[in-house]
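Dear colleague,

Please find below the structure that I am handing over to you. My findings follow directly after it.

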Amino acid sequence: MTSEFVRLEVTDGVGTIRLDRAKAMNAISIQVQDELTLAAAEATDRSDVRAVVVWGGERVFAAGNDVKEMADMSYTDMVDRVEKLQNAVNSIARIPKPVVAAVNGYALGGGCELAMAADVRFAADNAVLGQPEILLGIIPGAGGTQRLPRLVGPSKAKDLLYTGRFVKAEEALAIGLVDRVVPAADVYAEAVAWASTFATAAPYALRAIKESVDRGLEADIETGLQIERQHFSAVFATQDSRTGMASFIENGPGKATFEGR
């Protein structure tokens, strides 16, 4: 499948998943959903990709799912499609590497859901986020009712979901919906700089951290600790663990050169 609106660009260990459907404000159509899934799979598989930036360009992250496309869909149409819709966003969340969303402009509806699938979110000072599906008489369908309360808490999430109101960057930062607010011209560069710090990190340890946190949040604390124990023990099978500890003993922290194995 040739990707028309989503592409993976790789430079110095950082892969950028770039949405580029500018004429439609990066609306997430069925085609875009499928292309996101492909790009996430490629980013996962490529050993030269150590961290990922999801970016919609300088003007808009993604203004939402494609309403014109959805308006013609029946109940049975959506039953057949909704799992693929969720899988497109989940594919970003499941990339076993650090992922940062660089949010310029609007990140609404499906765009907000896509941003929330990243590990962290850097927003432009003029960014606007929200889940306005209620204003269309529908609800979020790509994780908004699940990821939003996990980020901002259930009462704040219900306020945003019930009203559909838009959230500007500073409020998004205050409630925990985004993690950093920077000038609009600097968002992508800041995200790449963050992702670049992992280009020479120990990839299997990073993967173990991500899986421990994500899977642990889905379980009770005892199950989470069991998941952590399993991953903690497993990383001792890597060459990077031996390299890192030997480097610490000989040279102090932060000086190890990891091989990624």
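Phe166 sits in the loop that links helix H6 (154-163) to strand E8 (167-168); helices (H or I, at least four residues) and strands (E, at least two) are DSSP runs, numbered from the N terminus. Phe166 is partly exposed because its relative accessibility is 42%, where buried means under 20% relative accessible area, exposed over 50%, and partly exposed in between (1.4 Å probe, protein chains only). Together with Met25 and Tyr106, Phe166 makes up a nonpolar surface patch of about 280 Å² accessible area. Such patches take residues with over 30% relative accessible area and no salt bridge, like charges being joined within 9 Å and nonpolar side chains (Val, Leu, Ile, Met, Phe, Trp, Tyr) within 5 Å. A salt bridge is a side-chain nitrogen of Lys or Arg within 4 Å of a carboxyl oxygen of Asp or Glu, and areas follow the Shrake-Rupley method with a 1.4 Å probe, only the protein chains shown counting as cover for residues.

Please note that the model is predicted: local features need pLDDT of at least 70 and side-chain atom pairs pLDDT 80 or more, while totals for chains, interfaces and linings use all residues. Residues are numbered from 1 along each chain as its sequence is written, and side-chain values use heavy atoms, without hydrogens and water.

Strand E4 (residues 99-103) has five of its five residues buried. Val99, Ala101 and Val103 lie on one side and Val100 and Ala102 on the other, and both faces are covered. E4 pairs in the parallel sense with strand E3 (residues 51-55) over four bridges, and likewise in the parallel sense over four bridges with strand E6 (residues 120-124); pairing requires at least two DSSP bridges between two strands. Ala101 stands opposite Val54, and its bridge partner in E6 is Arg121.

Val54 also touches Ile17, Phe61 and Ile92, among others, contact meaning heavy atoms within 4.5 Å.

Asn26, in the loop between strand E2 (14-19) and helix H1 (30-45), is buried because its relative accessible area is 2%. Beyond four places in sequence, the contacts of Asn26 include Leu19, Arg21, Gly56 and Phe61.

Finally, Ala172 belongs to helix H7 (residues 169-175) and is buried, at 0% relative accessibility. Its contacts beyond four places in sequence are Leu129, Val167, Leu177 and Val178.

Yours sincerely
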